[in-house]
Amino acid sequence: MNILVIIEHKNGVMHRMSKEAIVGAQKIGGNITALVIGENSDSVADELSSFQIEKTLLVTNEKVTSYNVDGYKEIILQVVKELNPEFIITGHTYQARDFMPRLSASLDIPFIPDLVSVENSSYTKQIMNSKLNASISSSSGPVLISFQSASFSEENISKGSSPLEKFEVSLDASNIRSTADEPFQESASEVDLESAELIVSVGRGIEKEENTSIAFDLAEVLGAEVSASRPVVDAGWLPSYRQVGSSGSTVSPKLYFSLGVSGAIQHVVGMKGSKNILAINKDPDAPIFEIADYAVVGDLLDIIPKLIEKLKDL
């Protein structure tokens, strides 16, 4: 069985969710080919060479130096014609949501997005704010799928050694009619929550807008990004691009430091893939404690300033 994983990258750095997609492909099993498109991708190709996959295909073409939905579609169509894969896989990123439906229409095969697992011919995705799992099946034949953020951990990538091959494509400029804007998150801010390894998250327990500065002070000491739950964003205390949850970003940091976040399911769906969760809340029955690795019952307004001082002394 042949599997094609489309790799997303920027400035020579592979997107975390592309690594997770490779883990998902390895769990499915088969001959995995990674496809890297565009300039500044040598370091990405080098990293892929250390994974247990069949090979990496590198496509560089002056008509598609960076992401372009028409260019990507045309390139992938040519690669698919050569490889004839049973699965075409990506992480469920903003970019994938742009080109995968067009690819599906061009190939006339189904696109099943935002999955959390694949078992044989059964595909599982979460619905109703992750309260339920839905099982989806498709008839035999190739299928396009994208994996939800944090469905797999990049730390579980099987290591190995794989070759790099240049793949030549023929592109007609008349077929590349679109131009890509800057990536969604960076157009709003310099915050990239989905790639952050450390996150300090603010919930209603912060009590008022002036107290959000505590989170930024802690984040500065830790070298972390600051995120928020929906009630904090709805109150206007922090901007919407910092929101984590079902209507915000889905994150998978090494440490998720939760300050006064109650842990409603709408928030948990966006951060449950965190490697370690440290939660501070005055309510001992807060739902966040059910998934926290480390729990502190107390007033964060008393605890965090003292913690910051201790961290500064290290």
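User: In which helix do aspartate 234 and arginine 230 both lie, and how many residues apart are they?

Analyst: Both belong to helix 7 (residues 230-234), where they stand four residues apart, about one turn of the helix; helices here are DSSP runs of H or I with at least four residues, strands are runs of E with at least two, and both are numbered from the N terminus. This is a predicted model, in which local features need pLDDT of at least 70 and side-chain atom pairs count only at pLDDT 80 or more, whereas totals for chains, interfaces and linings use all residues. Residues are numbered from 1 along each chain as its sequence is written, and side-chain values use heavy atoms, with hydrogens and water left out.

User: What do aspartate 234 and arginine 230 form, and how far apart are their closest N and O atoms?

Analyst: Side chains of opposite charge can pair when their charged atoms come close. Aspartate 234 and arginine 230 form a salt bridge, with 3.3 Å between the closest N and O atoms; the term requires a side-chain nitrogen of Lys or Arg within 4 Å of a carboxyl oxygen of Asp or Glu. Aspartate 234 is exposed at a relative accessible area of 55%, while arginine 230, at 46%, is partly exposed; buried means under 20%, exposed over 50%, and partly exposed in between, with a 1.4 Å probe and protein chains only.

User: How many salt bridges does a search of the whole structure find?

Analyst: The search finds nine, including one between the side chains of glutamate 165 and lysine 55, at 3.9 Å from N to O. Glutamate 165 belongs to strand 11 (residues 164-166) and lysine 55 to strand 5 (residues 55-59), so this pair ties together parts that are 110 residues apart in sequence. Glutamate 165 is partly exposed, at 34% relative accessible area, whereas lysine 55, at 19%, counts as buried.

User: Which parts of the chain does the pair of aspartate 70 and arginine 102 link?

Analyst: Their side chains meet in a salt bridge of 3.8 Å, N to O, and the link runs between distant parts of the chain, from aspartate 70 in helix 3 (residues 69-83) to arginine 102 in helix 4 (residues 94-107), 32 residues apart. Aspartate 70 is buried at 6% relative accessibility, and arginine 102 is partly exposed at 39%.

User: Which residues touch the most other members of the largest nonpolar core?

Analyst: A nonpolar core is a set of buried Ala, Val, Leu, Ile, Met, Phe, Trp, Tyr and Cys residues joined through side-chain atoms within 4.5 Å. The largest one has 27 residues, and those that touch the most other members are Val5, Ile7, Leu48, Ile89, Tyr123 and Ile145. Strand 1 (2-6), strand 6 (87-91) and strand 10 (143-147) are among the elements that each supply at least two residues, and helix 1 gives the most, with four. Apart from this core lies another of 26 residues, among them Tyr67, Val69, Tyr72 and Phe99.
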